[in-house]
Structures are given as C-alpha cells and as structure tokens.
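Student: I would like to learn how to read aromatic pairs. Could you walk me through them?

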Amino acid sequence: MGADVETIRIEGSLLADLYVRHADEALRLSYLLTGDVALAEDLVQDAFVRVAGRLLHLRDPGGFHAYLRKTIVNLARSHYRRRAVERRFLERQTEAPPADPDDLSDRERLRGALMALPIGQRTAIVLRYFVDLSEAQTADLMGRHPGAVKSLVSRGMGTLRTTVGVDV
Amino acid sequence: MNETDFRHRLFELAEDAPSGSSAPPALLRRARRRVVLTIASSVAIAVLVVGMGIAGVRALQSAPTPADSPVEDPRARLDALGERWMTSVATITYRTTERDPGEAASPHQCLRQIAGGEVDRQTALRICAGVGELRLAWDPPDRWRMDAASPDGIFALLSTPEGRLRCRGSDMVAKTCVATESSGPFGSLVDPPALTLDEIGAPVTVEAGRTIAGIRSECFGVEGGPADAIHRAEWCYSGDGLLLFVLDQVEGGRVTIEEATEVSPGVSDRDFIVPST
C-alpha cells in the first residue's frame with residue numbers, strides 16, 4: 001500500500017485505481033453507519049476527495065485505508081449532528097406512523113434497530129463487530145477514551161438486545 | 001442471536017451497500033482538483049516561507065548593526081564616519097554637560113556657594129546642574145549653526161562661507177554678534193575626530209554601541225597623552241554618519257559631553273540668515 005501511494009500522481013487512472021481498491025469496504029462501512037445508500041455514497045466520495053487532497057501530507061502514506069475509514073466516521077458523525085437539529089424540527093411537525101414489526105424482514109429490523117441507535121453507539125458497534133477493530137483501535141479512530149467506547153458498545157448492544165434479540 | 005450471528009447479520013446488511021467497482025468521473029475530477037489545489041497551496045506556502053526567509057536574511061545583512069558587527073580597523077571606521085558626518089545634513093538637539101575642575105562636588109554644594117550672588121535662580125540651577133541644551137543645524141561644509149543654552153550662558157555660533165559669528169543671546173541681534181575663529185566649547189561636534197586623534201596619538205578602541213535618540217549607534221574611544229593630563233574622547237555615530245554622542249575630557253581639566261536627544265533630517269534656511277552688521 002505504501003509503495004502504491006508513493007507512486008500516486010494526479011493522473012486520474014491512479015486515483016481511480018485507489019478508489020476501486022478501497023471503495024467497496026468504505027461503502028459498506030458508510031452504509032452501516034447511515035443506513036442510506038445514497039448518503040453512504042456521498043460520504044465515501046467526500047471522504048475520498050478529502051483524503052486524496054491530503055495524500056502528500058499523510059504522515060503514513062501507507063495508511064490511506066485507515067485515513068479513509070477515519071474520515072468516513074468523522075463525516076458521518078458531522079452529518080448526524082447536522083441532521084439531529086433538522087430531525088427534531090421535523091418530528092415536531094409530523095409524527096411518523098410506527099412501522100409494524102411483523103411486516104419487516106430480519107435484515108430490515110436489524111437495519112432499523114441499528115439506525116435507531118445514537119450515532120456514537122452505532123459507530124462503536126460497527127467498528128467493533130463489522131470492521132473488527134479492538135476496543136483501543138476503535139477508541140483511537142473515534143477520538144474517544146477506551147472506557148467511553150466500552151460504554152457506548154455496552155449501551156448500544158443493550159438496546160439491540162431488546163429490539164432485535166442480540167445476545168452478545 | 002449470539003455474537004457470531006450478529007456479525008454475520010451485519011455483513012449481510014452491509015451487502016446492501018452499493019458497489020464501488022468504478023470511480024465516478026465527477027469524483028475523480030473533484031479528487032484531482034483537490035490534489036492540484038493542495039499541491040499548489042503547498043508550493044505557494046513553501047515559496048512564501050522561502051521568500052520571507054531570504055528577505056529576512058537580506059534585511060539582517062543590510063540592517064545597520066554597527067555595535068554588533070566586528071570592526072576590523074576602528075580608526076579607519078571612525079575616520080569614515082567622521083567624513084560622512086561632514087557631508088550629512090540634519091538638525092539635532094543635544095543634551096550637554098560641562099564641568100570645570102574645582103567646581104563644587106555636588107549641585108547642592110554649588111547652589112550654596114553662589115547663593116546671594118548676582119545670578120538669578122534659573123541660571124544658578126543651570127550652572128550647578130552643569131547641563132544644558134544645544135541645537136545644531138548642520139549643513140557642512142558651507143553652513144552650520146549652533147544655539148546653546150549652557151552654564152556659560154546662551155549663545156549662538158553661525159558659520160557661513162563668509163565667516164563665523166558668535167552671538168550672545170539667541171536672537172542673533174546684530175549688536176551682540178562678533179566675528180570669531182573659535183568653534184566654542186562644543187567644537188567636538190563640528191571638528192573631525194582626526195584632530196583629536198592626532199592630538200592624543202593613541203589607538204582607537206571600539207566601545208559598546210547603544211541606542212541614542214532612538215538610533216542605534218556605533219561608538220569609538222581613545223585615551224592617551226601625558227600621565228598628568230590623560231585625554232579621553234569618545235564618539236558615537238549612527239550607521240549613516242550622524243554624530244550622536246561626543247565626550248571630551250582631560251584629566252584635571254574641563255569635561256564636555258553632548259548627547260543627541262532629537263534628530264530630524266534637513267535644515268531650515270532661516271537658521272542661516274546672517275544678521276546685518
């Protein structure tokens with residue numbers, strides 16, 4: 001990876017190669033954090049542009065993947081902070097009818113439950129159980145204390161236990 | 001649902017994410033613009049930093065730092081500054097100090113000695129403090145004018161191509177002016193250092209430079225002569241040759257010190273109007 005990045009020039013083909021190499025994983029992470037295909041794509045593209053712009057300044061050019069992942073997490077967090085204000089406003093305007101749990105597939109139920117978690121808990125759980133990072137790595141990526149990450153995961157999993165029967 | 005099931009379900013859910021098999025052209029354009037922008041701004045910052053560095057070094061090299069730079073030949077440097085002073089044009093106010101041998105050791109003692117005499121209080125204070133003020137309109141070699149209020153009184157010296165006049169008082173009233181050849185008690189200001197140096201006949205030393213009237217100066221000293229009449233002199237010049245400080249002292253004799261307090265460029269023609277005689 002380091003060698004790849006060292007040879008990167010501003011030619012489109014190299015940037016395209018870099019995108020193809022990392023986009024799938026980045027999109028999956030982004031999708032699990034947002035639950036929205038279009039939003040996931042937007043976040044990944046924004047993250048890719050940002051990290052590409054900083055390629056020359058990366059302390060560890062070989063860590064493009066890690067920088068991309070961290071940028072996605074940060075962008076998702078920023079997005080939900082912005083959205084929280086809008087959502088509170090919209091909730092006051094219209095009360096959405098509750099979905100009937102029996103009408104949903106397991107996958108949709110899990111997606112709904114995951115998306116219902118606060119962004120911090122959701123990020124901690126996705127990083128721990130999907131990306132398979134350790135508690136310390138998750139804490140580092142989220143810019144939080146490991147104890148805080150443990151607490152986020154615990155509370156999030158507690159909620160999922162009651163909503164979709166996760167027993168971890 | 002245990003942990004393994006949960007992980008498996010998460011992976012299944014992630015399969016709903018779109019595929020990134022090819023990069024959208026718009027994304028690549030944005031990324032390229034970003035890279036170019038980053039490189040351009042990095043280059044601009046680097047050029048700016050290097051440019052400022054070069055400018056800083058040049059400024060330091062060209063800045064007049066006389067006291068900090070070593071002088072290889074102090075006599076030559078002093079002569080050069082003295083010559084430059086002889087072609088400078090400026091109006092400078094000096095604080096002057098004069099002391100004669102045998103004077104009272106303190107101003108208080110001095111005031112007691114002259115109390116009850118004919119001098120008024122203001123003059124007595126000036127005499128006993130030993131300090132005065134001198135204004136020099138300097139436009140050599142053709143013309144210069146010195147107005148001094150010193151313990152010796154108030155006088156003016158006017159030098160023009162036609163000759164030199166010494167006038168009592170400051171108003172240049174014709175009746176009080178007389179022709180003179182003397183440079184007065186503050187002749188060190190208008191005479192080149194070479195005169196004093198030749199008289200003392202000792203090597204010139206570099207003294208600590210200092211800021212005088214807000215101007216950084218470089219200073220030189222000389223000391224020598226017979227054991228019973230050691231003559232000491234000191235000069236401080238600005239980098240462009242303005243004379244900012246002069247000390248002239250003979251052991252057992254008179255001491256005169258002139259130190260600039262205000263410096264302004266140029267002179268006024270009104271200073272050189274010769275009174276009709």
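This is a predicted model: local features need pLDDT of at least 70, side-chain atom pairs count only at pLDDT 80 or more; totals for chains, interfaces and linings use all residues.

**Reading the aromatic rings**

Student: How many aromatic pairs does the structure hold over all chains?

Tutor: There are five. A pair of aromatic rings is described by two things, the distance of the centres and the angle of the planes. For A:Phe130 and B:Phe11, the centres are 4.7 Å apart and the planes stand at 45 degrees, so this pair is tilted.

Student: Where do A:Phe130 and B:Phe11 lie?

Tutor: Their pair crosses between chains. A:Phe130 is in the loop between helix H6 (119-129) and helix H7 (135-142) of chain A, while B:Phe11 belongs to helix H1 (residues 3-14) of chain B. B:Phe11 is partly exposed, at a relative accessible area of 37%.

Student: Is the pair of B:Trp85 and B:Trp138 stacked or tilted?

Tutor: That one is stacked, with 4.7 Å from centre to centre and 15 degrees between the planes. B:Trp85 sits in helix H3 (residues 74-85) of chain B and B:Trp138 in strand S2 (residues 131-139) of chain B, so the pair links distant parts of the chain, 53 residues apart.

Student: Are these two residues buried or exposed?

Tutor: B:Trp85 counts as buried at 0% relative accessibility, and B:Trp138 counts as buried at 1%. Ring pairs also link B:Trp85 and B:Trp138 with B:Trp144 into a cluster.

Student: Which charged end sits over the ring of B:Phe155?

Tutor: The charged end of B:Arg166, 4.4 Å from the ring centre. Likewise, the charged end of B:Arg210 sits over the ring of B:Phe245, 4.4 Å from its centre.

Definitions and conventions. Residues are numbered from 1 along each chain as its sequence is written. Chains are lettered from A and ligands numbered from 1 in the order in which they are written. Side-chain values use heavy atoms; hydrogens and water are left out. Rings of Phe, Tyr and Trp (its six-membered ring) pair if their centres lie within 6.5 Å; planes under 30 degrees apart count as stacked, over 60 as edge-to-face and the rest as tilted. Helices (H or I, at least four residues) and strands (E, at least two) are DSSP runs, numbered from the N terminus. Buried means under 20% relative accessible area, exposed over 50%, partly exposed in between (1.4 Å probe, protein chains only). A charge sits over a ring if NZ of Lys or CZ of Arg is within 6 Å of the ring centre and within 35 degrees of the ring normal.
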